[in-house]
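Let's take a walk through this protein together, from its inner spaces out to its loops. Have the model open beside you as you read.

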Amino acid sequence: SGTVLGLQRPPPSLLLTMMCYFKGQERYQKALPPMDRHKHCFAMVGLPARGKSYTAHRLARYLNWIGVKSRVFNVGVYRREIVGVNMSSEFYDPGNTDGSSARWQVAEHVVGLVVQWFKDDPDAVVAIMDATNTTRERRSMVVEKCQPENIKVMFIESVLEDADIEEANIRDTKLRCPDYEGCDADAAFRDFRERIENYKKAYDTLDLNLDRELSFIRVYNVTQFHMNNLHCNVQSKSAYFVMNLRSNIKSTLYFSRHGESQFNTLGRIGGDSNLSDNGVKYAQALGQYLVDNNMSDIPVWTSIMKRTLETCSYLPNQRIERWKALNEIDAGSCDGLTYQQIEQRFPEEFALRDLNKFHYRYPRGESYHDLCCRLEPIIMELEKQSQILVVCHQAVLRCLVGYFLNVSLSEIPYIKIPLHTVIKISPGAYKCDREEISFGIESCRTHRSKPTTESIEERLNNAGILSTSAELPPITVTNSVSNELHR
């Protein structure tokens, strides 16, 4: 206890993780997310109703999904808390000294919150400042406050000159915000248009010559892009993601597991078995569902495994694409076994998977983290789709649905994806809605609930990993723990 040879004793959770690591768990080491020693502030730029909040929230969701801890700081939310709601368009007139001063103070306050967040959370990597930041003076303030704290700043500007998209953005999102609660829709629409005109009076767009020292991405009418002075992997990956966003597309995504397989009925994981009788019934019902809902032409993506291809063979659709990336998680040496057999033959592996299911990698197989890396190109393509049906597997759908619903990485392996059910995801500006469509066809249950701390401790003791009777602390492998292990 205390110190050993002058070194401070690590916290219990880190000790346990290190102990499991040094007992030969190289699968944890390889699956842990990479370190990022930089802190980033991504500051949005642009007039209102240009899709800035849409981009900010989508980008934060993507970064969190790939293990880069991110958070959106919406200046409008803090402005309502500090200044109040129901501010008319005159408040945003640059000639309104009081309004300009109040908005400047709120922006400074939010940048201060960003800086403090990085100080308070060692795992924080990207703060996204969701604001207009339409003047060079405002953007200079953001840089000047972040640079002394070693926070890299990148601006993301959204320029939109399509009046129809602008009107749709205003009516779909802006009129529902607290500023216009209880207001007549047409009056609110006119006021918001006046707000935009006031912002235009002092709008300094990012310029490749005047702002060449800044890091920025400029998105023009959703599909054209300018990049300038980008640094490091996080900025590059973020730029690539932004280039794949289509804020002008309203999408509906359908996800389904294959019909019940023969291995499902036997309780075996992985494999490449055919459908059971109930699985065939589901495949037929799914095909009829598409016909009944005029979705016979919807694009279908599936894996290259027998059970998904057999499921898709009953669909009326001709546009079926096979993706190896959609194959089920590779269980390696445990493929084809039941969980009971795994626990008997590989008690240490069974216990370690429960300890950290997201980062655990099967011997000669994959982890959920590996699966997310494999699915990243799928995510990029899904962001461009207006309507699609994806037929694949439980672990794969956990990762995909977890992405759209912004589920934390540690909870992704426990998302319920029942057999013989279609999951409908309707993406919105700030969040996605989930709807389940059940077909009432009998199937076995394949979901394993998240184990309790007590059951994990018992399995670790039985496997000989824990030789102490000390109480097991909750384990979460965060970036900071990852950094310690890498060091």
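How many cavities of 30 Å³ or more are there? The count comes to 5. Here a cavity is a set of points on a 1 Å grid over the protein atoms alone where a 1.4 Å probe fits but cannot get out, and its lining residues have an atom within 4 Å of a point. A volume is the space filled by probe spheres set on the points, which are joined across faces, edges and corners.

Before going further, a word on what you are looking at: this is a predicted model, in which local features need pLDDT of at least 70 and side-chain atom pairs count only at pLDDT 80 or more, while totals for chains, interfaces and linings use all residues. Residues are numbered from 1 along each chain as its sequence is written, and side-chain values use heavy atoms, with hydrogens and water left out.

The largest cavity has a volume of about 160 Å³. It is lined by 16 residues, with Thr 55, Ser 158, Val 219, Val 222 and Ser 247 closest to its centre. Strand S6 makes the largest contribution to this lining, 4 residues. Helices and strands are DSSP runs numbered from the N terminus (H or I, at least four residues, for helices; E, at least two, for strands).

Is Ser 158 buried or exposed? It counts as buried because its relative accessibility is 12%; buried means under 20% relative accessible area, exposed over 50% and partly exposed in between, with a 1.4 Å probe and protein chains only.

The second largest cavity holds about 70 Å³ of space. Helix H14 gives the most to its lining, with 4 residues.

Now turn to the largest pocket, with about 1300 Å³ of space. A pocket is an open set of points with protein on both sides within 12 Å along at least five of seven lines. Its lining has 49 residues, and Ser 53, Thr 173, Lys 174, Ala 429 and Tyr 430 lie nearest its centre. Among the elements that each supply at least two lining residues are helix H3 (52-65), helix H5 (97-120) and strand S13 (421-427).

Follow H5 next. Its 24 residues reach 35 Å from first C-alpha to last, close to the 34 Å expected at 1.5 Å a residue; the expected span is 1.5 Å times one less than the number of residues. Buried residues of H5 include Arg 103, Trp 117 and Phe 118.

Two loops complete the tour. Most residues other than glycine have a negative phi. Asn 150, however, has a positive phi of about 60°; it sits in the loop between helix H6 (136-146) and S6 and is exposed, at 65% relative accessibility. Asn 406 also has a positive phi of about 60°. Its place is the loop between helix H16 (394-404) and S13, and it is partly exposed at 47%.
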